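Visitor: Hi, could you walk me through this one? I'd like to start with the strands and then look at a side chain.

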Amino acid sequence: MTLCLFDLDGTLIDSEPGITACIRYAFDKLGVAAPTDLRPWIGPPLRHGFAPLLEHDAERVEAAVDYYHERFATLGWREHAVYPGIVTMIERLQAAGHVLAVVTSKPERHARPIIEHLPFGDAFARLYGPDPSSPHSEKASMIAAALADFDALPEQAAMIGDRHFDIEGAVANHVRGIGVLWGFGSREELELAGAHELARDPVHLADLLAT
């Protein structure tokens with residue numbers, strides 16, 4: 001049995017439409033032009049992106065985050081698509097007896113409705129999300145919490161994700177970190193973070209987790 005900890009955005013779902021629309025909405029509400037390329041914003045905590053473009057003004061940064069959440073709660077959480085092959089991969093892992101959970105940088109209140117509406121949402125035993133007020137990724141602490149909750153040793157677990165935050169969280173907990181190449185991060189980013197393996201597609205990921 002392997003405890004499979006999945007990132008959400010860029011790993012299970014392509015959430016670019018909803019996330020980028022909410023970022024643009026926040027900038028529009030503040031009267032600031034949004035960056036042209038918003039893909040790098042997907043994965044890191046929102047404050048990482050807003051702060052330098054809002055002159056590190058804490059009040060405006062928090063206003064931007066609030067505006068983002070305002071739209072996401074009503075529209076943004078629906079604006080995503082499941083990556084091809086994910087459903088079959090999840091079914092394979094379940095059939096093999098693995099335990100699945102989600103470890104995401106999204107606040108739980110935003111991640112839960114997404115997961116509950118996924119065709120395989122009930123496959124996940126638990127959901128871990130950071131405190132909405134936190135400026136940090138918190139992947140390392142959430143992975144540690146998952147290990148404790150499932151009474152799993154590091155060698156019995158794997159963290160699967162598309163950004164360096166996922167892999168760095170795995171490394172911090174001596175957990176196998178598997179980077180996926182269909183998300184928002186690059187091969188170089190994942191390798192530099194210390195990924196144990198890289199999955200080309202969901203079929204390859206299922207094969208890796210079977211070994």
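Visitor: Let's start in strand 6: which residue is the bridge partner of Phe6 there?
Guide: Phe6 has Ile160 as its bridge partner in strand 6. Before we go on, this is a predicted model, where local features need pLDDT of at least 70, side-chain atom pairs count only at pLDDT 80 or more, and totals for chains, interfaces and linings use all residues. Residues are numbered from 1 along each chain as its sequence is written, and side-chain values use heavy atoms, with hydrogens and water left out.

Visitor: And in which sense do strand 1 and strand 6 pair?
Guide: Strand 1 (residues 3-6) pairs with strand 6 in the parallel sense, over four bridges. Strands here are DSSP runs of E with at least two residues, helices are runs of H or I with at least four, and both are numbered from the N terminus. Two strands pair if DSSP finds at least two bridges between them.

Visitor: What is the partner of Phe6 in strand 4?
Guide: That one is Val102. Strand 1 and strand 4 (residues 99-103) run parallel and are joined by four bridges.

Visitor: OK, what is the strand order of the sheet?
Guide: It is an open sheet of six strands in the order 5-4-1-6-7-8, with parallel pairing. Strand 5 (124-128) and strand 8 (197-199) each have a single partner strand, so one side of each has no neighbour in the sheet.

Visitor: Back to strand 6, are its residues buried or exposed?
Guide: Five of the five residues in strand 6 (residues 157-161) are buried, meaning under 20% relative accessible area with a 1.4 Å probe and protein chains only; exposed is over 50% and partly exposed is in between. Ala157, Met159 and Gly161 are on one side, with Ala158 and Ile160 on the other.

Visitor: What unit do strand 6, helix 7 and strand 7 make?
Guide: With helix 7 (residues 164-172) they make a right-handed β-α-β unit. Right-handed means that, with the strands pointing away from the viewer, the path from the first strand over the helix to the second runs clockwise. Strand 7 (residues 176-180) also runs parallel to strand 6, joined by four bridges.

Visitor: New topic: where is His204?
Guide: His204 is in helix 9 (residues 202-209) and is buried, at 15% relative accessible area.

Visitor: What does His204 touch?
Guide: Leaving out residues up to four places away in sequence, His204 touches Leu198 and Ala199, where contact means heavy atoms within 4.5 Å. A polar atom of the His204 side chain also lies 3.0 Å from the backbone nitrogen of Arg200.

Conventions: Polar contact = N/O pair within 3.5 Å; in protein donor to acceptor, adjacent residues only side chain to side chain.
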